[in-house]
Amino acid sequence: TNERTLAMIKPCTSGRAAEVIAEIEAAGFVVCAKKEHQMSVPQASEFYAEHDGKEFFKGLVDFMTSGPVVALLLEKPNAIKEWRALMGPTATSKAKEEAPDSLRAKYGTDNTKNATHGSDSFVSAAREAAFWFGGPVLAAEKTLA
Ligand code: CMP
């Protein structure tokens, strides 16, 4: 059964969004919805609220508001796990070492500018999809499936 997850192409990489989306589709994901938007500081702080207080939080918010983000609602069987596998490890240096074919290895530049984001659980995917696309997008789909 199909599952959905929320992806973002971050400001460091959104200029190459078409290229990244082609790789995402080649990996078998369907792009169900897409939105390009430059987040405000309050929006980025809300999206990443779970990291508030960490030493990298301000740098993360500064970076995520520095240019447009392309948010994607992706669908595929096991999408949450599959999308995290396609992205590779969070830290670009680790991605380059351990998963050289991953998107973060190919497009990331450092441990903050790591090219893409992906929800880490169904609960996160539901919250993050609602943040970008409004309403209980995933819950509705679960009921229909
Ligand atoms: P993401 O998957 O979007 O989730 C939180 C983000 O914070 C992460 O990708 C990185 O962009 C950033 N991040 C996580 N850990 C660190 C870190 N140790 N130093 C700098 N940035 C980090």
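A residue counts as near a molecule or strand if its C-beta atom, placed from the backbone, lies within 6 Å of it. Around the ligand sit H51, F56, L60, T90, N111, T112, N114 and H117. By class, that shell has two nonpolar, six polar and no charged residues. Here Ala, Val, Leu, Ile, Met, Phe, Trp, Tyr, Cys and Pro are nonpolar, Asp, Glu, Lys and Arg are charged, and the others, Gly among them, are polar.

Now, some ground rules. This is a predicted model: local features need pLDDT of at least 70, side-chain atom pairs count only at pLDDT 80 or more, and totals for chains, interfaces and linings use all residues. Residue numbers start from 1 along each chain, as its sequence is written.

How confident is the predictor? pLDDT is its confidence in each residue, from 0 to 100. The chain averages 94, and 92% of the residues score at least 70. The model has ipTM 0.94 and pTM 0.93.

Next, the fold. The chain has eight helices and four strands. These are DSSP runs, numbered from the N terminus: helices are H or I, at least four residues, and strands are E, at least two. Along the sequence the order is β-α-β-α-α-β-α-α-α-β-α-α.

What about the interior? Of the 145 residues, 35% are buried. Buried means 20 or more other C-beta atoms within 10 Å of the residue's own, exposed means 12 or fewer, and partly exposed is in between, with C-beta atoms placed from the backbone. A nonpolar core is a set of buried Ala, Val, Leu, Ile, Met, Phe, Trp, Tyr and Cys residues joined through C-beta atoms within 7 Å. The largest one here has 31 residues, and L6, V69, A71, L74 and W83 touch the most other members. β3 gives the largest share of this core, six residues.

Take V69. Beyond its neighbours within four places in sequence, V69 contacts M8, I9, K10, P11, S14, H37, M39 and M64. In contact means C-beta atoms, placed from the backbone, within 7 Å.

Last stop: S45, in helix α2, residues 41-47. Is S45 buried or partly exposed? S45 is partly exposed, because 18 other C-beta atoms lie within 10 Å. Not counting residues up to four places away in sequence, S45 touches D52 and V61.

Notes
Two residues are in contact if their C-beta atoms, placed from the backbone, lie within 7 Å. pLDDT is the predictor's confidence in each residue, from 0 to 100.
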